[in-house]
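Please brief me on this model.

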Amino acid sequence: MGLDKTVASAAEAVADIPAGASLAVGGFGLCGIPGTLIDALWQRGTEGLRVVSNNCGVDDWGLGLLLAAGQIARMTSSYVGENKEFARQYLNGELEVELVPQGTLAERLRAGGAGIPAFYTPAGTGTQVGEGGLPWRYAAGGGAVAVASPAKETREFGGRPYLLEEGITTDFALVRATIGDRHGNLVFRSSARNFNPLAAMAGRVTVAEVDHLVEPGELDPDEVHLPGVFVQRVVRVTPGDPAAERRVERRTVRREGDV
């Protein structure tokens, strides 16, 4: 792999992601999602994906496209409330789901990327997160639980119980940044700097789509949010590409006269 990590297209960037691969995907809701890369993977039809992401998009956008096409076999997420197809597949035994507290999910990705195999956290103690029994997969047609979460190791520190959580690493990671250089150094815009750096760290092969591609040396080192050592491929988003559109999950406006 040379220092120039750019590839010609999103389709080329995801071409070697095989069926059944594990995938960390950046974004929070629809903010900061790598829409172009998701679209390329959707068009390729890669199936059996095991995805780690804060959520699964909405019914017709983001990871929701892969879900509706039956390309996702397992989701590890912290929030799934905006996707009706997600609920349908889960309750009918078509999709395996591991629900993780949001802060724990963020730290599991960061820990995996930092080479930390596990850590203790108080989040989830005294609940099914720690005690086990959360339905991961229902039997076909729904009803009976086919696969349930296991109990987690618990240890006390300072008289308080903590759960042992494992770091997450994945075969690939897909992220979106505002600016990237050819060496893979990335800058994220505002709240798009959510799960993107963490997902990028967790992937063994990380693919970044960027709105603006600059030459090495143009980025001030103090501006870089994620160093290129974590990134293997960079794709420039084509201006006007519908797949790169920034959508809003719920547009809420104040009515005239409201305080």
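Rings of Phe, Tyr and Trp (its six-membered ring) pair if their centres lie within 6.5 Å; planes under 30 degrees apart count as stacked, over 60 as edge-to-face and the rest as tilted. By that rule, Tyr-120, Phe-157 and Tyr-162 are linked into a cluster by ring pairs. The model is predicted: local features need pLDDT of at least 70, side-chain atom pairs count only at pLDDT 80 or more, and totals for chains, interfaces and linings use all residues. Residues are numbered from 1 along each chain as its sequence is written, and side-chain values use heavy atoms, with hydrogens and water left out.

**Rings**
- The structure holds three aromatic pairs.
- Arg-74 places its charged end over the ring of Trp-136, 4.8 Å from the ring centre. The rule asks for NZ of Lys or CZ of Arg within 6 Å of the ring centre and within 35 degrees of the ring normal.

**Largest pocket**
- A pocket is an open set of points on a 1 Å grid over the protein atoms alone, with protein on both sides within 12 Å along at least five of seven lines; a cavity is a set where a 1.4 Å probe fits but cannot get out; lining residues have an atom within 4 Å of a point.
- Grid points are joined across faces, edges and corners, and a volume is the space filled by probe spheres set on the points.
- The largest pocket holds about 280 Å³ of space. It is lined by 16 residues, with Glu-98, Arg-108, Pro-150, Lys-152 and Glu-165 closest to its centre.
- Strand β9 (160-166) is among the elements that supply at least two lining residues each, with β4 (96-99) and α6 (128-131). β9 gives the most, three residues. Helices (H or I, at least four residues) and strands (E, at least two) are DSSP runs, numbered from the N terminus.
- The pocket lining divides into eight nonpolar, two polar and six charged residues. Ala, Val, Leu, Ile, Met, Phe, Trp, Tyr, Cys and Pro count as nonpolar, Asp, Glu, Lys and Arg as charged, and the others, Gly among them, as polar.

**Cavities**
- Two cavities of 30 Å³ or more are counted.
- The largest cavity has about 60 Å³ of space. Its lining divides into six nonpolar, seven polar and no charged residues.

**Burial**
- Thr-170 is buried, with a relative accessible area of 1%. Buried means under 20%, exposed over 50%, partly exposed in between (1.4 Å probe, protein chains only).
- Helix α2 (residues 35-44) has seven of its ten residues buried.
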